[in-house]
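Dear colleague,

I am passing on the structure we spoke about, and I would be glad if you could look through it alongside the notes below.

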Amino acid sequence: MKEDVIRVLGLLCLGTRLKRAGERLQADTDEILKAGGVTIAAAQYPFLASLDRLGPSTLGDLAEAVGVSQPGATRTVNRLVELGLLETVSGEGDRRHRVLHLTAEGRRLVRVGKDVLWPRVEAAVADLCAGLGGSLLGQLADLEDRLSVRSLTQRARHPLDRPIWTALTTRHAHLAEGGAHARRYPGDTSPFVATRDEGPDSLAALAALGGAMVFLQVDPVVLPAGMTAIKTAMGVQMVAEGAFPAVEDPEIGPLGPEDAADMAALADLTKPGPFTLKAMDLGGFWGIRKDGRLIAMAGERLKVPGMTELSGLCTHPEEQGKGLGKRLLAYVAGQISARGDRVFLHAYASNRDAIRLYESMGFRERCPVHVAMIEG
């Protein structure tokens with residue numbers, strides 16, 4: 001193999017090195033977009049995203065927002081107009097003043113990006129960069145080596161295919177124990193654990209983590225030699241079709257550390273899924289009390305880019321059938337939507353009553369998931 005001169009020259013060729021890595025990432029992103037049915041280039045997408053975020057803009061303002069020269073912006077905008085994704089409208093009071101707008105097709109393409117493609121790209125880049133450390137040149141070398149072994153397109157699975165791994169490498173990375181191949185939450189927070197893949201390095205890293213474990217993923221769970229699941233089950237992953245409105249309900253209030261014991265008691269009684277006294281480290285929780293007793297609750301669990309899981313929904317057996325679960329689901333979903341996140345959740349495939357409730361509230365099944373529990 002020939003010597004990589006650009007790498008050997010180090011800081012002298014930093015600009016070329018960054019450009020090379022950027023071109024590789026952009027080419028992989030183009031492949032991800034193409035696989036998702038999007039025919040424009042990755043470099044053109046920021047123009048659509050800027051108009052979606054900032055609203056109608058002049059060419060000069062758009063060029064400044066994206067950070068490119070005006071001639072370069074002109075070429076891209078003209079192409080997007082030809083594709084029917086942008087249109088120009090005369091400004092008020094000055095017909096020479098042209099303002100750029102997204103067309104209906106442009107808005108649709110942005111929605112596809114937000115809901116499907118952008119989370120995949122972000123999760124893939126997070127996976128690529130997980131565990132990088134040391135000098136800038138060292139990180140660049142690791143980045144290029146990782147791209148050679150496993151491209152961005154190979155990493156760009158849907159972020160909810162391995163929701164635990166995605167959460168622990170993005171929005172919950174500050175809680176993660178483990179490294180680049182296997183991660184888990186602290187044992188007193190959650191037994192959730194995940195590997196990056198089923199390769200030998202990941203299985204070895206998983207074996208080293210130890211403790212009680214719960215897996216939740218689309219792929220069948222593969223365990224290292226000597227590790228056996230004490231329980232397996234099939235579940236369903238459901239995603240809200242749209243945003244939920246904010247709900248005002250005077251009987252629903254936030255739960256805090258002082259409520260942890262009551263929350264654990266309710267969870268122990270109703271078995272909504274893995275729950276600990278420190279579950280609130282994962283996100284907010286809300287509940288309903290009756291005569292001082294906590295009778296229903298729901299909260300947030302896994303958080304991935306652009307999405308938050310609604311979880312822990314449970315009602316005291318003596319209070320079931322009164323619509324408390326539906327009220328809490330709508331309330332918590334409204335809290336999540338208000339932050340701009342899409343809501344998703346999980347249920348056991350055998351729990352048809354819960355699935356019907358979620359469907360009636362606007363959730364649709366995305367895919368089946370595998371659940372596996374390992375004794376510590």
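The notes that follow cover the basis of the model, its salt bridges, and then a few individual residues and elements.

This is a predicted model, in which local features need pLDDT of at least 70 and side-chain atom pairs count only at pLDDT 80 or more, while totals for chains, interfaces and linings use all residues. Residues are numbered from 1 along each chain as its sequence is written, and side-chain values use heavy atoms, with hydrogens and water left out.

Salt bridges

Taking a salt bridge as a side-chain nitrogen of Lys or Arg within 4 Å of a carboxyl oxygen of Asp or Glu, the count comes to 33 salt bridges. For accessibility, buried means under 20% relative accessible area, exposed means over 50%, and partly exposed lies in between (1.4 Å probe, protein chains only). Helices (H or I, at least four residues) and strands (E, at least two) are DSSP runs, numbered from the N terminus.

Asp 4 pairs with Arg 7, their closest N and O atoms being 4.0 Å apart; Asp 4 is partly exposed at a relative accessible area of 27%, and Arg 7 is also partly exposed, at 27%. Both belong to a network of salt bridges that links Asp 4, Arg 7, Arg 17, Arg 20, Glu 144 and Asp 145.

A salt bridge of 3.1 Å, N to O, joins Glu 82 and Arg 79, which both lie in helix 5 (residues 70-82), three residues apart, or about one turn of the helix. An α-helix has 3.6 residues a turn, so residues three or four places apart point the same way. Glu 82 counts as exposed, with 61% relative accessibility, whereas Arg 79 is partly exposed at 39%.

Arg 155 and Asp 127 form a salt bridge at 2.8 Å, N to O. Because Arg 155 lies in helix 8 (residues 152-155) and Asp 127 in helix 6 (residues 104-129), this pair ties together parts that are 28 residues apart in sequence. Both Arg 155 and Asp 127 are buried.

Helix 12 (residues 324-338) has 15 residues and reaches 21 Å from its first C-alpha to its last, close to the 21 Å expected at 1.5 Å a residue, where the expected span is 1.5 Å times one less than the number of residues. Eleven of the 15 residues of helix 12 are buried, so this helix is largely enclosed by the rest of the structure; among them are Leu 324, Tyr 331 and Ile 336. Just after helix 12, Gly 340 takes a positive phi of about 90°.

Glu 319 sits in the loop between strand 11 (307-315) and helix 12, and is buried, with a relative accessible area of 5%. The side chain of Glu 319 makes a polar contact with the side chain of Lys 322 at 2.8 Å, a polar contact being a pair of N or O atoms within 3.5 Å; within protein, one must be able to donate a hydrogen and the other to accept it, and residues adjacent in sequence count only if both atoms are side-chain atoms. Leaving aside neighbours within four places in sequence, Glu 319 is in contact (heavy atoms within 4.5 Å) with Lys 290, Arg 293, Ile 295 and Leu 324.

Strand 1

Thr 88 is placed in strand 1 (residues 86-91) and is partly exposed, at 36% relative accessibility. Its side chain makes a polar contact with the side chain of Arg 98 at 3.1 Å.

With best wishes
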